[in-house]
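Subject: Structure for your review

Hi,

Here is the structure I promised to pass on. Please open it next to this note and read the two together. My findings follow below it.

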Protein chains: 4
Amino acid sequence: MIDFNEKQLQIIETSERLFAQKGFDATSVRDIAEEAGINVAMISYYFGSKEKLMEAVFEAKIGKVQMRVEALLKDESLLPFEKMYTLIDEHIERVMHSQHFYRIMISEQLTNKNPAILQTVKQLKVRNAELISEIIKEGQQKGFFKKKVDVVLMLNTLLGTVWQSIISKEHYREFTNSQLLSNEEYENQLKKKLSTHIKTLFKAILTNEA
Amino acid sequence: MIDFNEKQLQIIETSERLFAQKGFDATSVRDIAEEAGINVAMISYYFGSKEKLMEAVFEAKIGKVQMRVEALLKDESLLPFEKMYTLIDEHIERVMHSQHFYRIMISEQLTNKNPAILQTVKQLKVRNAELISEIIKEGQQKGFFKKKVDVVLMLNTLLGTVWQSIISKEHYREFTNSQLLSNEEYENQLKKKLSTHIKTLFKAILTNEA
Amino acid sequence: MIDFNEKQLQIIETSERLFAQKGFDATSVRDIAEEAGINVAMISYYFGSKEKLMEAVFEAKIGKVQMRVEALLKDESLLPFEKMYTLIDEHIERVMHSQHFYRIMISEQLTNKNPAILQTVKQLKVRNAELISEIIKEGQQKGFFKKKVDVVLMLNTLLGTVWQSIISKEHYREFTNSQLLSNEEYENQLKKKLSTHIKTLFKAILTNEA
Amino acid sequence: MIDFNEKQLQIIETSERLFAQKGFDATSVRDIAEEAGINVAMISYYFGSKEKLMEAVFEAKIGKVQMRVEALLKDESLLPFEKMYTLIDEHIERVMHSQHFYRIMISEQLTNKNPAILQTVKQLKVRNAELISEIIKEGQQKGFFKKKVDVVLMLNTLLGTVWQSIISKEHYREFTNSQLLSNEEYENQLKKKLSTHIKTLFKAILTNEA
DNA sequence: CATGAATGAGTCTTCATTCAT
DNA sequence: AATGAATGAAGACTCATTCAT
C-alpha cells in the first residue's frame, strides 16, 4: 500500500475524473496538468508515466473498496441475508458515488491494455467472489439459502445491473417520466429502485428452488 | 439506411474489430488501413473523418439489431413468456457473437463524446423498451405477469448481466474451474448458464408478487 | 544498396553536415528540418526515426567509399607501390573532402551506441584490411616489400595521421606560420605535406628491414 | 590551477567516464548524480552548469598531462632519441590508461562547441609542439637527426596512430586472430606493437634523408 | 551547506487530414 | 475514382536548472 502525498492525491483525483470522462487515450497529460493546476512535468516526476499514473489511480481506489467489503462480510453480527442486502446497498452507493472510477475500470477491462491493472481488478473480483461464497455456505448451512447457487452469475447480475443502470441513466430519463427531477433526485430515486430490484433478484436466486 | 459499397463495408468491419480491441483513440487510421489492405487516404475519402467512420460502424450495426428485435416482438405466434425467453436467448447469442461491437458501444456510452452515436444508441434502447412494454402489457392483460413491472430495470438486468459476464469472463475462469475448457466450450457453457440464470430472474420479476 | 529519392538525399546531406558539426545528440530533428527546408515530420516519414536517419547517412556514404577502394586495389595496371601511394592520396583527398562524414564516423566509433552503424563501419575496415593484405602479399612475392608487415598498424597510421591532422588543423595554424593563407590554400598545403609524409612512412614500413 | 574538494573530484571522475562512454549530450546530469551518489542539484551548485563541469574535467586532467610532458622533455640525462622514445611510450601508456578522457577530448575537438575547452586543448598541443621542437633542434645540432623535420606531422602520426588503434581495436580483433586473448592481454599486446611500430616510424622521420 | 521539489523549454514521434495527380 | 506525398498540430516525456528550506 503506497502512500501518496497531497499533490499526488490531487493529481490522482483529477486524473480519475478525466480518464472517466474522456477515456485514457483521449486524456492528455496536459489536460490533467491544467485541471490539477500543476506543471506537466510533475506527472512524469511523480508517477513516471501516464500509464503508471493510471495504475496509481487504481491502487489508491481498489485498496479502499477491498477493505470495506472485507469488513462487511466478516461482520459476525449480521445474518446471511442481511449481509447480502447490505452488500447490495453498499455496492449501489459506492458505484453511484464513484462513477468516475467505475467508468475507468470498465474501460480498462474492455481494452485489456495494462496487465498490471487487469491483475489488480482480477484479484479484487476473485477475492470478493471467495468471500461471498463463504456467506452463502453459511446461509446454506443455516437453511436460509437453497443448495445450488452460482456466485459468479449472482455477482455479475449485481454489478451488471447497477452499472447498466448508470450508463443508460440518461437514455431512459424521458421514458420513465423523470425529466422534471433534479439530477440528485433522479439518482436517489434510481438508487432506491435498484436496491429493491436487486434484492428481489437475489432473494429469487438464493431461495426459490427451480 | 445508407448503402455502403464493398470497400466501405470492408473498412467498417476492420474498424469495428480494431475499435473494440484497442479503443477508438488508440486505433489509428493507419492501423485500420493496413489491416483492411487499403490506402490511408481512403478513410477520409469515403467517410470524411475517423469520427464519421465510427458513426458508420454504428449505423451499419444498429440497423440490423433493431430489425431483428422488432421482428421477434411482433411475432404473434409466441406467448408473452416465450417472447421474453426468446428475447433473452437472442440477446445472449447476439452479444456473444458481436462482442467487438458491444465493446465499442459500451465504450461510447462511457465517454459521451460523439452525440450522433449516443443518439443512435438511445433511440435503439428506448424503442426496445417501448416494444417490451407492450409485451408486458399483453402478458398482464392475459394474467401471466404481475401488475407492476419495471421494464427499464428488467432490461438493465438483462443487458448488464450478460455484459458483465463477458467482460469478467477471464477473471472467473480459474474460480469456476474451467481452465481446461477450450475458449469455445467455455463460451458455450457460459451461454447456457446465462440463459437459465436470466430466465429465472425474469420469471421472478414478472410473476412473484413482492 | 538502398535507393534514396531526391528529398531523402537532401535530408541525408543536411544531416551529415549537422551531425558532424554538432554531434548526433546535439542535433535536433527540428534543426535538420529547418536547414533542409522540409517538415519535421518528414524525417520520421522517410527514415522512421532519427537513428535510422543516421544509419541512412552511413549507408549512403560507405557504399561509395567501398566501391572506390575496391576498384583501386583491383586495378591490375598498377604496381604494388603505386597502389599504396594512390591509396594514400585518395584517402587524403576523400577525408579532406568529406570531413563532415568522417567526423560522424569517428564520433560513432567513440560512443558505440548504434550497433547497426558499428557493424557497417567494421565491415568496411575489415574488407579494406583484407584487400590491402593482398597487395602486400603481391609486393612481397615480387620482392618489393619486406617480409613482415603489420597491415592493421599501417592502416591505423594512415587513417590516424590524416585524421589527427584535420581535427588539430586549426590548433597548429599559428605554429606553422600559416595564418595568412586562405582556408583553401592551407588545406591544399596540408594535403601535399600529408601525402609526402605518409608515403615516407609507408616506404619505411614496407621496405626497411628493422 | 583550481583546487577541487573531494566531492567535486568524485563528480569529475564520474563525469569523465560517462561523458566518454555516452558523449556529452547523451549524458544527463541525473546520470552523473546517480552514479556519483550525489544530489542532482549539487552539480549546478558546485560547477554552475553542465558545461562548466565539462571544463572542470579538462582542467583537472590537462594540468597533470602537461606537467608530465614538461618533466620528461626537460630531463637532461636523456639523449634526444631516448627522449623521443620515452615520449612515445609514455603517450601510449597514458592514452591507453585514460581512454575515457581522450575520447572526450576528441569528441570536443570534433564538435567545436565549447571555446574554453578548445583553448585549453590548443595550449596543450602548441606547448608540446614547442617543447618537442627544442628536442629536435638539440638532436639536429648533435647530428643525430636530419635537417628538416615536420614536428606537427610527426606528432599527428604519434597521436593519430595511437588513437586510431584504440578506437578500431575491436574491429580488428578477429582479423588479427586475437579473439582468444583477454581484454587485458590484447591491450598489452597492442601497446607493445604500437611502441615498436611508432618508434620505427619516428626513426624514419628523424634520420632517413629522403 | 546541501537538497528535494518543481518547472519551462525542449526532445522525438505519431496523428488525422489534405492535396496534386 | 483513388492515392502517395506531405504537413501542422499534438502527443508523452526528459532535460538542466532554480529556489525555498
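C:His171 reaches across to chain D, where it touches D:Gln109, D:Leu118, D:Val121, D:Lys122, D:Lys125 and D:Val126, with residues up to four places away in sequence not counted. Contact here means heavy atoms within 4.5 Å. C:His171 sits in the loop between α8 and α9 (183-207) of chain C. Its relative accessible area is 7%, so C:His171 is buried. The cut-offs are: buried under 20% relative accessible area, exposed over 50%, partly exposed in between, with a 1.4 Å probe and protein chains only. Helices are DSSP runs of H or I with at least four residues, strands are runs of E with at least two, and both are numbered from the N terminus.

Before you go further, two notes on how to read this. The model is predicted, so local features need pLDDT of at least 70 and side-chain atom pairs count only at pLDDT 80 or more, while totals for chains, interfaces and linings use all residues. Residues are numbered from 1 along each chain as its sequence is written, chains are lettered from A and ligands numbered from 1 in the order in which they are written, and side-chain values use heavy atoms, with hydrogens and water left out.

The C and D pair

How many residues of chain C are in contact with chain D? The count is 48 residues of chain C against 48 residues of chain D. Between them, chain C and chain D bury about 4300 Å², and carbon and sulfur atoms give 64% of that. C:Leu110, C:His171 and C:Tyr172 supply 17% of the area that chain C buries against chain D, more than any other three residues. Buried area is the accessible area (1.4 Å probe) that two parts lose on being put together, summed over both.

The A and B pair

Chain B brings 48 residues to its contact with chain A, and chain A brings 48 residues. The area buried between chain B and chain A is about 4300 Å², with 64% on carbon and sulfur atoms. On the chain B side, B:Leu110, B:His171 and B:Tyr172 lose the most area to chain A, together 17% of what that side buries.

How are the two copies related?

Pairs without contact

Chain A and chain C share no contact; their closest C-alpha atoms lie 21 Å apart. Chain B and chain C share no contact either, with closest C-alpha atoms 13 Å apart.

Chain A on its own

Chain A has nine helices and zero strands. Its C-alpha trace spans about 60 × 45 × 30 Å along the principal axes. Of the 210 residues in chain A, 54% are buried. Among contacts in chain A with a separation of 6 or more, 68% join residues 24 or more positions apart.

Single residues to look at

D:Ile198 is in helix α9 (residues 183-207) of chain D. Is D:Ile198 buried or exposed? Its relative accessibility is 0%, so D:Ile198 counts as buried. Beyond its neighbours within four places in sequence, D:Ile198 is in contact with D:Ile88, D:Ile92, D:Leu158, D:Thr161 and D:Val162.

C:Gly143 is in the loop between α7 (115-141) and α8 (151-167) of chain C. C:Gly143 counts as exposed, at 56% relative accessibility. C:Gly143 and C:Glu76 are 67 residues apart in sequence and 17 Å apart in space, C-alpha to C-alpha.

Two asparagines of chain D also deserve a look. D:Asn112 has a phi near 55°, a positive value in a residue other than glycine. D:Asn112 is in the loop between α6 (99-111) and α7 (115-141) of chain D. D:Asn177 also has a positive phi, near 55°. D:Asn177 is in the loop between α8 (151-167) and α9 of chain D. With a relative accessible area of 64%, D:Asn177 is exposed.

Best wishes
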